[in-house]
Amino acid sequence: MTNDPSPTERKQPFLNRDLTQLMLAILIGVLSGYGAILFKYLLKSMQWLFYQHSGEFLEYAHEIPMWAKVSMPALGGLIVGLVVHFFASEAKGHGVPEVMQAIALRGGVIRKRVAAAKIFASAVTIGSGGSVGREGPMVQIGSSIGSSIGQVFKVPSRHMRTMIGCGAAAGIAATFNAPIAGVLFALEIIIGDWGMTSFSPVVLSSVTATAISRYYFGNFPAFEIPHYAVVSPWEYLMYPFLGVASGLIALSFTRILYAFEDGFEGLRFMPEWIKPAVGGAMLGVLVIFCPESFGVGFGAMNLSLTNQMGFVMLFALIWVKILASSLTLGSGGSGGIFAPSLFIGAMTGGAFGSLMNIMFPGVTASPGAYALVGMGGLVAGTTYAPITAILIIFEMTGSYSIILPLMLTCITALVLNSSISKASIYTIKLLRKGIDLTGGRVQNVLKKMLVVEMMSEDVVTVSEGATLESIVWTFKTENASYLHVVDGDGMLKGIISFRDIRPVLHEEGLLQLLIAKDICTTDLATIHMEDTLQTALDLITEKGVSQLPVVDADGRLIGSLTESAINSAYGQELVRQELSGEG
């Protein structure tokens, strides 16, 4: 008689694990939903404190004195700079890359203070007139909640990514009243996993947060637009060109944004905490001449969607918004790039639609229809997440009639931009830090480990004058796969493998005539102690070898590193992270 568990008993732990994960997803959805509500109320409070108004900026911009348009964004920037510098540096910027970095390098562990810091810093930035969006902060706030819940309940590290995805989905869903887009954003951008293990909890969290948001704010689309429809089948030929225009504008936005970030970082003489104030003051000057760039910009977007703007204004606002958002985020402000992308896309699509109306008046819809589609094209071109872009526009407007043009435009923008630059507006920030998410988790683990940690100093060497007979004897006695050929000063001259000597083994006359220098491979790939294991693995893969000699700066042999040692290091690091809850 055996005591083996029955199939039902063996499955029970997995059922318990899945049930626990779903319950935690609901909890994350509840907390993220109320976090979104808190953020919205705090944002309105900040707008009231700065300007004694709490509605759309464009509605009361003409009432604000000129001095306030400059001083209030500067004051907001100063407050944000102090919060970021002295309390939580993760609150700086648009938030999503910081979440992706936490997943890639810290096993999903996000400091608990980040949610509070991000809520306050982003509310101050947007409330004082910063030209950024609410979705980036809510992604980071929700992700921080998900990470904190995972840490409190000691969720296994392999599931922490899902917990963070639940928070991100809930944040997007509650902010835009878009539960499907929230799910897809988390799966497509944050988690990168469409499996059922991640899908079910993320959906549950998104639905929970949306239900809470709708209870307090109602079930209304973010934009109220007229009914749009494709006027003629010929119109489908125009939307790929809108995709090209959207893609190129998206690339311009990404590059200008990071150029401003580099520019502000280059101001070494200026304290970090003062830079957001400088950016805020510069934004204020821009707002004096163009109030449409004030705040998130939903008012101006509605004007473009309802055909209340001309071509000149639409085209000008593309570049004004890019400049305004780059000043806010590049200087160190806190907020998202999703809403600015929507704004720029609306202006791009509206301007494109105005031209199409002039050129082909009988077969084109009104410019507002193109503005709507352009919003999706810009989002796809910046985030490289076309499914999210398509569905978030559909959910935010409730308009299904433009779904086919939207698909054409988004895919065209994605294909164009991904062929020019492999990094999205999110991942380019990580690439600049040396974090390549396209290589997967392996690269990020190995990039943190150095060759010196795993190399072996026990290498078998022969002198460059050693005879073939001596080399054969060394292979027999040392049980080595490779012999390292060195000169009298220990400088590496080559490597001999057993296959190098196999062709001449049966030539007895050559045993004393051939020496190591004659038969060794001199075209060597070598590595240094301070190189990373990822660099070593890339070189091993490129050269098709199983080990690399380790040399110092002068070329002196000091050890060797094998592919098996790299694999062992990777496995050990994953186990260590698993036990410590990091990875």
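Colleague: Which residues of H5 meet which residues of H6?

Modeller: From H5, Val-114, Ala-115, Lys-118, Ile-119 and Ser-122 take part. They meet Pro-137, Gln-140, Ile-141 and Ser-144 in H6. Contact means heavy atoms within 4.5 Å. This is a predicted model, where local features need pLDDT of at least 70 and side-chain atom pairs count only at pLDDT 80 or more, while totals for chains, interfaces and linings use all residues. Residues are numbered from 1 along each chain as its sequence is written, and side-chain values use heavy atoms, with hydrogens and water left out.

Colleague: At roughly what angle do the axes of H5 and H6 cross?

Modeller: Roughly 160 degrees, and the axes come within 8 Å. H5 is therefore roughly antiparallel to H6. The cut-offs: under 35 degrees is roughly parallel, over 145 roughly antiparallel, 65 to 115 roughly perpendicular, and the rest oblique. Axes are lines fitted to C-alpha atoms, for helices over the stretch in contact, and angles run from 0 to 180 degrees between N-to-C directions. H5 covers residues 113–127 and H6 covers residues 135–152. A helix is a DSSP run (H or I) of at least four residues, a strand (E) one of at least two, both numbered from the N terminus.

Colleague: Is the crossing of H5 and H6 left-handed or right-handed?

Modeller: Left-handed. That means the near helix is turned anticlockwise from the far one by less than a right angle; clockwise would be right-handed.

Colleague: Ser-131, in the loop between H5 and H6. Buried or exposed?

Modeller: Buried, because its relative accessible area is 0%. Buried means under 20%, exposed over 50%, partly exposed in between (1.4 Å probe, protein chains only).

Colleague: What does Ser-131 touch?

Modeller: Leaving out residues up to four places away in sequence, its partners include Leu-283, Ser-293, Gly-295, Lys-321 and Pro-340. Ser-131 also lies 9.3 Å from Leu-323, C-alpha to C-alpha, though 192 residues separate them in sequence.

Colleague: New topic. How do H10 and H17 cross?

Modeller: Their axes come within 7 Å and cross at roughly 45 degrees. So H10 is oblique to H17. The crossing is right-handed. Among the residues in contact are Leu-242, Val-244 and Arg-255 from H10, with Leu-408, Thr-412 and Ile-420 from H17. By class, the contact has 12 nonpolar, six polar and one charged residues.

Colleague: How many aromatic pairs are there in the structure?

Modeller: There are 12. One of them is Tyr-215 with Tyr-216, edge-to-face, at 5.1 Å centre to centre and 85 degrees between the planes. Rings of Phe, Tyr and Trp (its six-membered ring) pair if their centres lie within 6.5 Å; planes under 30 degrees apart are stacked, over 60 edge-to-face, and the rest tilted. Tyr-215 counts as exposed because its relative accessibility is 67%. Tyr-216 has 38%, so it is partly exposed.

Colleague: And Phe-311 with Phe-315? What kind of pair do they form?

Modeller: A stacked one, 5.9 Å centre to centre, with 20 degrees between the planes. Both lie in helix H13, four residues apart, about one turn of the helix. Phe-311 is partly exposed at 33%. Phe-315 is partly exposed too, at 41%.

Colleague: Which residues form an aromatic cluster?

Modeller: Phe-176, Phe-185, Phe-338 and Tyr-426 form one.

Colleague: What about the phi of Lys-154?

Modeller: About 50 degrees, a positive value, although Lys-154 is not a glycine. Lys-154 sits in the loop between H6 and helix H7. At 71% relative accessible area, Lys-154 is exposed. Asn-307 is another residue other than glycine with a positive phi, near 60 degrees. Its place is the loop between helix H12 and H13.

Colleague: Last one. How many helices and strands does the chain have?

Modeller: There are 25 helices and five strands. Strand S5 holds Ser-560, which is buried at 10%. Of the 583 residues in the chain, 54% count as buried.

Technical notes. Nonpolar A, V, L, I, M, F, W, Y, C, P; charged D, E, K, R; others polar.
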